[in-house]
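Please report on the packing in this model. Cover the cores, a helix pair and the overall dimensions.

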Number of protein chains: 2
Amino acid sequence: MGWNKVALVGVGLIKFGELFDKSFEEMVEEAYLNCINSIDKGFDPKDIKAAWLGECNSRTHGHASISGAALTGNIGLAGIPCTRVENGCPTGSDAFRNGCLGVASGVYDVVLVVGAEKMRDDSTANLLNSATRGHPVLMRGETTPSQFAPLAVRHMYEFGTTKQQLAMVAVKNRANGALDPYSHNQSPITIEDVLNSPMVCLPFGLFDCCPQTDGAAAAILVRADLAKKYTDKPVYIAGFGMGTDTFYIHEKESFTEFVATVRAAKQAYAMAGIGPQDLDLAEVHDCFSWTEIVDYEDLGFCPKGQGGKFVEQGHSKIGGKLPVNASGGLLSKGHPLGATGVAQMCELFWQLRQEVPKQHPKRQVEIKKGYGLQHNVGGRGISNSVVTILSINP
Amino acid sequence: MGWNKVALVGVGLIKFGELFDKSFEEMVEEAYLNCINSIDKGFDPKDIKAAWLGECNSRTHGHASISGAALTGNIGLAGIPCTRVENGCPTGSDAFRNGCLGVASGVYDVVLVVGAEKMRDDSTANLLNSATRGHPVLMRGETTPSQFAPLAVRHMYEFGTTKQQLAMVAVKNRANGALDPYSHNQSPITIEDVLNSPMVCLPFGLFDCCPQTDGAAAAILVRADLAKKYTDKPVYIAGFGMGTDTFYIHEKESFTEFVATVRAAKQAYAMAGIGPQDLDLAEVHDCFSWTEIVDYEDLGFCPKGQGGKFVEQGHSKIGGKLPVNASGGLLSKGHPLGATGVAQMCELFWQLRQEVPKQHPKRQVEIKKGYGLQHNVGGRGISNSVVTILSINP
């Protein structure tokens, strides 16, 4: 069942955080080495026939890596093809999707996907200035919280979602992040901490927002029929989808649903031949606490408008009926744009293979049906989403 | 013969130039409409299942299109997947390559590739500042002419290549560009014009350099077995290759050869099952006059060091043994980074289908063996190359 033309045989992550002491090149190299050195039956880098680098903000963050060669030249693989994908918040997961297409095309048997982002070397103000400079509308002061906050307020108005429910997402994810050695934030917080945190943009306090973080993650994808060369426990790409939406907020059909997510999820479930009820866990895009609530709805975990209750009833915690963001999510790990999607694949890989206890005994979720879902949504106008379904079922 | 899993069934281009009166959105829309409206048997946009947008410098040029949704939302296709590829000078051709992989994967039967770039809305100085800001080495004043010029000087020293031979490339391409209604520069020039043009960076005078240009181009790729639905004259993707090289100039093995090009060409020829002797024409990367001379050598059109003589003997002019840049090349058309590679595909499509006389009777090259080659090289450290071979042979 499922697409299963491509298998994930190894992943690597670095500790996310404010990595002022590491260059972009060092972050990428560390993630790559962690990945290939962890592959069960060993790995010869010469097997890699092509690569994809997910990195979103090279110029605004000043590390000037304007081409895929910034990856390959840096890890001793100068020579092989390398595409750089830049696609807003789903940059890493879309690089992963393009890597899957590359393998499935029959042109490249083994490929490397790396996602990485330096978010802290330059100020956020410079980032936003550069990102919108010259644009007639966007340069008038748009920030990311101000894109999401009005939608959250509308969701509260329409469905009775509460600030307490938003806070429950943050508390759950920070509790999970405290068990994740790769996470940026590793301290648990309380509902009161969230509700009393400094206001960023109504209804988001500071602890409703993910931190600004540096990070890198890597993955090796191979033709499914070649997977046994590298591991006896491959994780298959059961399906994926990508959805887009209109670019400007005033064009949107709904303010309480991300149509891009709904479209991406529909494709991914169809390709995998499963539904949300078949998932053992999900790593979803919680750039803000409210984002995870709307994700529950858009991904079909609960009916429309019931996202707040879903977290309140404990369904999305580790041990609940569908653990969401067992890694700690973006609220704990941070959101280095290029790295985030690939890091989510790392968590699903470890969880599905039940290897999380090596990191922390309490973070492992129960694996029953063998499916995990990855999700990102974002980009200008929140117009862009990728959903990927990984599986241990051949 | 050749890979031929994917077919090109339609292309569209806009007039390149200083398009201050057109937004990014308008350029993209015009190229897209020119493309789908020119497809022989008609085209329903609903057939498009995924898209790739090649665009290199969104933030530095201030139009803030940070995701693929900037394409799809803008042409009435909000919903379908769209990846934005950013990969230095081969951005457009690499978006095209990823589109080919997407079709060949079996996931998407029909895809759209659009390449576009706004180069003139912001100053070149701002562009370079933004591109290198924060980088410990690159921010010390690197410009593109200063990357290529020392290599050209070395080539002149090692192989006796002359400034006159460089000028012959510019004269040939500007003569061709004068026959191309889509070209930025449409006036022929003389050897004296080139030699007397203001010095930019030794040995490059102004007319040895391509202009700064806005532009957009579009292409529709389909599964080869579905091509007849759209046209009786499909152009097949016979092969492609991508090569990378070390990122910094001091790490390079050679200063008179672009290893990335050599690697990309080797893959493309092998995939197509042909050699340079089978080509009817080539559209190659002539960002500077000398670049085309080294391209001849790297692509196997002539032995190492003989590139200067190749142009001097007239082999690369229309009517010569291998016409190169019949479109006018980058020296005439300009080099809107995302658009360039896709625009080269447009020229090959028209030339191989012998449709150029509709534009100008004197620009059509003779089609004997039915193969055309596309080439880009660039990116930071000139570390990145894509070569694509198109063919009318099923």
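Beyond its neighbours within four places in sequence, B:Ile220 is in contact (heavy atoms within 4.5 Å) with residues including B:Ala7, B:Leu8, B:Val9, B:Cys35, B:Ile36, B:Phe43, B:Val110 and B:Leu112. A second, separate core of 46 residues includes B:Phe148, B:Leu151, B:Leu279 and B:Cys302. A nonpolar core joins buried Ala, Val, Leu, Ile, Met, Phe, Trp, Tyr and Cys residues through side-chain atoms within 4.5 Å. Buried means under 20% relative accessible area, with a 1.4 Å probe and protein chains only. The largest core holds 145 residues; A:Leu112, A:Ile220, B:Leu112 and B:Ile220 touch the most other members.

This is a predicted model: local features need pLDDT of at least 70, side-chain atom pairs pLDDT 80 or more, while totals for chains, interfaces and linings use all residues. Residues are numbered from 1 along each chain as written, chains are lettered from A and ligands numbered from 1 in written order, and side-chain values use heavy atoms, without hydrogens or water.

In chain B, helices α6 (residues 163-177) and α9 (residues 289-298) pack at about 100°, axes 8 Å apart. Axes are lines fitted to C-alpha atoms over the stretch in contact, and angles run from 0 to 180 degrees between N-to-C directions. The pair is therefore roughly perpendicular (65 to 115 degrees). Helices are DSSP runs of H or I, at least four residues; strands are E, at least two.

Chain A in numbers:

| Property | Value |
|---|---|
| Helices and strands | 12 helices, 11 strands |
| C-alpha span along principal axes | about 55 × 50 × 40 Å |
| Buried residues | 67% of 394 residues |

Definitions and conventions
Buried means under 20% relative accessible area, exposed over 50%, partly exposed in between (1.4 Å probe, protein chains only). Angles under 35 degrees count as roughly parallel, over 145 as roughly antiparallel, 65 to 115 as roughly perpendicular and the rest as oblique.
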